[in-house]
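This briefing is intended for a reader who is meeting the structure for the first time. Please keep the sequence and the model in view while reading.

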Amino acid sequence: MSDNRPGAASLPSVPYDIPTSARAYGWMLGGKDNYEVDRDFLLSTLPSFPECVDIARQNREFLFRVVRHLTREEGIRQFIDMGCGLPTDDNVHQVAQRFASDARVVYVDIDPIVLAHGRALLADDSSTTVITGDMRDQEAVLAHPDVVRLIDFGQPVAVLFLSVGHHLTDADGPARILRTVIDRAAPGSFLGFSQVVADDPERGAAMTAHISAGGVPWQTRTPAEVDALLTGLDPLAPGLVNLVDWRPDADQPPLAPVAPDLLPYLGATRSNKGIYEYGGVLRTPRRNG
């Protein structure tokens, strides 16, 4: 099937027959840019894992608090958002530039639809760009001309892997992927990281099997397994936690409402507490010499 929308000819092939994480995640945030395959996949997942809607929305709220803190309190002026997903309200550049007008942002996602929508959103913003790239190939991402143009690795940078850690399986070498950025970052840089975890490894394995079978790369980990990926970094207070416990703020901007089909699952994490989004913000190590 071909994509006949304007600008589609310059983009990689858009997958219609399998769900993508960007489109499914966007739907849970109230977005409209998704297909039947994405909605069907989520609706087949939620009866067994009803926490997913809350988790996606809690992560998006976490993003706002992280970017606000890094710009306002840590003086960060450049961000790379790995696996950024489709644009929605309060994207990284909008939050960052609210508190620091000179902030620069590079968005990275493997879904070509993200590139199409990002180009439209950022047409008049020379300080922000979106590139199609695979976050598993950090060397290619960091060598991209737009990354080279906007990001100065001689200055502190914040690299965000938010709600994408579960898309990095052990076979991908996630610790190596994270280390590629950290080793290039200047002292005073930060890593924002979050992923879905399960306290019960058996239930986590069931979640991994279900989502992976749907065509979305996935690995639910335990909190201890996430901690092991981030060894050597210094978490900011309150550490690596359930995201609802990371500097909560009841007054931050609200998210868009969810679609009617997802309403029955809203609030599921109040009673189902074994699967949740886990992470935090970590400072990169100081170099010797």
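The model is predicted, so local features need pLDDT of at least 70 and side-chain atom pairs count only at pLDDT 80 or more, while totals for chains, interfaces and linings use all residues. Residues are numbered from 1 along each chain as its sequence is written, and side-chain values use heavy atoms, with hydrogens and water left out. Helices (H or I, at least four residues) and strands (E, at least two) are DSSP runs numbered from the N terminus.

- Helix 2 spans residues 36–45, and its residues Asp38, Phe41, Leu42 and Thr45 are buried; buried means under 20% relative accessible area, exposed over 50%, and partly exposed in between (1.4 Å probe, protein chains only).
- These residues lie on the same side of helix 2, because they cover an arc of only 95° around the axis; the arc is that of the directions from the helix axis to the C-beta atoms.
- The cover over the buried residues of helix 2 includes helix 1 (21–28), helix 3 (52–72) and helix 9 (201–213), where contact means heavy atoms within 4.5 Å.

**Helix pairs**

- Two packed helices are described by the angle between their axes and the distance between the axes.
- Helix 1 packs against helix 2 at an angle of about 70°, with the axes 9 Å apart; axes are lines fitted to C-alpha atoms, for helices over the stretch in contact, and angles run from 0 to 180 degrees between N-to-C directions.
- Helix 1 is therefore roughly perpendicular to helix 2, given that angles under 35 degrees count as roughly parallel, over 145 as roughly antiparallel, 65 to 115 as roughly perpendicular and the rest as oblique.
- The crossing of helix 1 and helix 2 is right-handed; a crossing is right-handed if the near helix is turned clockwise from the far one by less than a right angle, and left-handed if anticlockwise.
- From helix 1, Arg23, Ala24, Trp27 and Met28 meet Val37, Asp38, Arg39, Leu42 and Leu43 of helix 2.
- The axes of helix 3 and helix 4 (residues 92–99) come within 9 Å and cross at roughly 35°, and this crossing is right-handed.
- From helix 3, Leu63, Phe64, Val67, Arg68, Thr71 and Arg72 meet Val92, Val95, Ala96, Arg98 and Phe99 of helix 4.

**Other buried positions**

- In helix 8 (residues 174–184), the buried residues are Pro174, Ile177, Leu178, Thr180, Val181 and Ile182.
- Among the elements covering the buried residues of helix 8 are strand 1 (78–82), helix 6 (138–143) and strand 5 (190–198).
- Glycine 279 lies in strand 8 (residues 275–283), and it counts as buried because its relative accessibility is 0%.
- Leaving aside residues up to four places away in sequence, glycine 279 touches Phe193, Ser194, Gly239, Leu240, Val241, Leu243 and Trp246.

**Backbone geometry**

- Most residues other than glycine have a negative phi, and most peptide bonds are trans.
- The peptide bond from alanine 237 to proline 238 is cis, with omega near 10°; proline 238 is in the loop between strand 6 (234–235) and strand 7 (241–242).
- Serine 163 has a positive phi near 55° and lies in the loop between strand 4 and helix 8; at 10% relative accessibility, serine 163 counts as buried.
- Arginine 247 has a positive phi of about 45° and sits in the loop between strand 7 and strand 8; at 32% relative accessibility, arginine 247 counts as partly exposed.
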